[in-house]
Amino acid sequence: DCAPPAGPWCGGWRGCKTSAALEQARSRTVEPHNARVSVCTTASVHIDATLTNFKIQECFDDFVEPFIKEAIPGCAEVNAEGYFELPVRPGLVMFM
């Protein structure tokens, strides 16, 4: 079993982490819901890295218009192996 907490709707980062902790107490993994794009995906990847019961990140960024990716460089992107790479710099590492 797994739960899909949605960051923007469950109280942001803290709400997502609280939801994940509650699910971990029930021996469940989490698959954070992310039907938004770019900025939300980047924030989700940061949260995922802190969760001990994280399983997979939902992502719809493949359907983002190119001008959005150009407007916000530095957002998390899926690499050739199908994974997100964690940023090496502090913060969300995006430029607006």
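This is a predicted model: local features need pLDDT of at least 70, side-chain atom pairs count only at pLDDT 80 or more; totals for chains, interfaces and linings use all residues.
Student: Where does N53 lie?

Tutor: Look in the loop between α2 (39–48) and α3 (66–71).

Student: And which residues does N53 touch?

Tutor: Leaving out residues up to four places away in sequence, N53 touches A20, E23, Q24, R28, T29 and V30. With R28 there's an atom pair to look at: the side chain of N53 reaches the backbone oxygen of R28 at 3.0 Å.

Student: Now the helices. How do I read the way α1 and α2 pack?

Tutor: Two packed helices are described by the angle between their axes and the distance between those axes. Here, α1 (residues 12–25) and α2 pack at an angle of about 40°, and their axes are 11 Å apart. That angle makes α1 oblique to α2. As for handedness, α1 passes α2 in a right-handed crossing.

Student: Which residues make that contact?

Tutor: From α1 it's W13, C16 and K17, and from α2 it's A43, H46 and I47. Sorted by class, the contact has four nonpolar residues, one polar and one charged.

Student: How many of the residues of α2 are buried?

Tutor: Nine of its ten, so to speak a mostly covered helix. The buried ones are C40, T41, T42, A43, S44, V45, H46, I47 and D48. What covers them includes α1.

Student: Let's pick one of those. What does H46 touch?

Tutor: H46 lies in helix α2. Not counting residues up to four places away in sequence, H46 touches W13, P87, G91 and L92. Take W13: H46 and W13 are 33 residues apart along the chain, with 9.3 Å between their C-alpha atoms.

Student: P87 turned up in that list. Where is P87 found?

Tutor: In the segment after α3. P87 also pairs up with V45 for a sequence-versus-space comparison: the two are 42 residues apart in sequence, and 9.2 Å apart in space, C-alpha to C-alpha.

Student: How does P87 count by relative accessibility, and why?

Tutor: Its value is 32%, so P87 counts as partly exposed. The buried class needs a value under 20%, and the exposed class one over 50%.

Conventions: Residues are numbered from 1 along each chain as its sequence is written. Side-chain values use heavy atoms; hydrogens and water are left out. Helices (H or I, at least four residues) and strands (E, at least two) are DSSP runs, numbered from the N terminus. A polar contact is a pair of N or O atoms within 3.5 Å; within protein, one must be able to donate a hydrogen and the other to accept it, and residues adjacent in sequence count only if both atoms are side-chain atoms. Contact means heavy atoms within 4.5 Å. Axes are lines fitted to C-alpha atoms, for helices over the stretch in contact, and angles run from 0 to 180 degrees between N-to-C directions. Angles under 35 degrees count as roughly parallel, over 145 as roughly antiparallel, 65 to 115 as roughly perpendicular and the rest as oblique. A crossing is left-handed if the near helix is turned anticlockwise from the far one by less than a right angle, and right-handed if clockwise. Ala, Val, Leu, Ile, Met, Phe, Trp, Tyr, Cys and Pro count as nonpolar, Asp, Glu, Lys and Arg as charged, and the others, Gly among them, as polar. Buried means under 20% relative accessible area, exposed over 50%, partly exposed in between (1.4 Å probe, protein chains only).
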